[in-house]
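Please have the display in view while I speak.

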Amino acid sequence: MQNVINWFEIPAADFDRAVKFYDTVLDIQLRKELFNKVPNAIFPTEGADPAGGAVVFSPDYIPSTQGSLVYLNADGKMDDILKRIPAAGGKVLLPKTSIGDPGYIAILLDTEGNKIGLHQPQ
């Protein structure tokens with residue numbers, strides 16, 4: 001097993017608002033698709049065996065600050081990402097914090113009310 005994480009889904013109460021938030025904050029372009037009539041916005045991936053994920057708009061998912069915490073890769077971009085969060089409608093809950101050899105983490109609150117982590121390797 002190369003990756004423990006295979007796929008993750010971040011709930012959205014307002015799909016377009018959530019997609020705009022992640023596009024803006026991460027400076028990426030999520031790819032919008034329908035899976036079984038459920039709107040998904042797929043995060044870009046690289047490599048032969050990447051873990052992936054999406055912002056998902058479904059009545060089965062409720063945005064929350066409780067439960068699992070997903071960490072998104074902020075490799076080399078964490079400072080820029082953190083600067084963009086407030087203007088994009090989110091909030092920085094934990095600023096860039098050293099965790100030793102593994103690097104740095106930060107925690108944000110997105111526009112939907114999800115608590116999301118960022119990780120930047122050392």
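This is a predicted model: local features need pLDDT of at least 70, side-chain atom pairs count only at pLDDT 80 or more; totals for chains, interfaces and linings use all residues.

**Sheets and aromatic contacts**

Let me begin with a single side chain: Phe-43 is buried, with a relative accessible area of 7%.

What does Phe-43 pair with? Its partner is Phe-8, in a tilted aromatic pair with 5.6 Å from centre to centre and 45° between the planes. Phe-8 belongs to strand E1, whereas Phe-43 sits in the loop between E3 and E4, so the pair ties together parts that are 35 residues apart in sequence. Phe-8 is buried as well, at a relative accessible area of 16%; the cut-off for that term is under 20%.

A further aromatic pair is formed by Phe-21 and Tyr-22. Their arrangement is edge-to-face, with 5.1 Å between centres and 90° between planes. Both Phe-21 and Tyr-22 are buried. Together, Phe-8, Phe-21, Tyr-22 and Phe-43 make up one aromatic cluster.

I turn now to the sheet that contains E1. Four strands form this open sheet, in the order E1-E4-E3-E2, with mixed pairing. Which strands stand at its edges? They are E1, residues 7-11, and E2, residues 31-35; each has a single partner strand, so one side of each is left without a neighbour in the sheet. From one strand to the next, the twist averages 35°. Helix H1, residues 15-26, packs on this sheet and touches E1, E2, E3 and E4. The direction of H1 makes about 5° with that of E3.

Within this sheet, E2 and E3 are antiparallel and share 5 bridges. Lys-32 stands opposite Ala-41 of E3. The hairpin of E2 and E3 has 2 residues between the strands, and there Asn-36 adopts a positive phi near 50°. On to the next pairing: E3 (residues 38-42) and E4 (residues 52-56) run antiparallel and are joined by 3 bridges. Here Ala-41 faces Val-55 in E4.

There is also an open sheet of 4 strands in the order E5-E8-E7-E6, again with mixed pairing. Strands E5 (71-73) and E6 (91-98) are at the edges with a single partner each, so one side of each lacks a neighbour in the sheet. Neighbouring strands here are turned by 25° against each other on average, direction ignored.

How many bridges join E7 and E8? Strand E7 (residues 104-109) pairs with strand E8 (residues 115-120) over 6 bridges, in the antiparallel sense. Leu-108 has Ile-116 in E8 as its bridge partner. Finally, the charged end of Lys-96 sits over the ring of Tyr-104, 4.7 Å from the ring centre.

Definitions and conventions
Residues are numbered from 1 along each chain as its sequence is written. Side-chain values use heavy atoms; hydrogens and water are left out. Two strands pair if DSSP finds at least two bridges between them. Axes are lines fitted to C-alpha atoms, for helices over the stretch in contact, and angles run from 0 to 180 degrees between N-to-C directions. Contact means heavy atoms within 4.5 Å. Rings of Phe, Tyr and Trp (its six-membered ring) pair if their centres lie within 6.5 Å; planes under 30 degrees apart count as stacked, over 60 as edge-to-face and the rest as tilted. Buried means under 20% relative accessible area, exposed over 50%, partly exposed in between (1.4 Å probe, protein chains only). A charge sits over a ring if NZ of Lys or CZ of Arg is within 6 Å of the ring centre and within 35 degrees of the ring normal.
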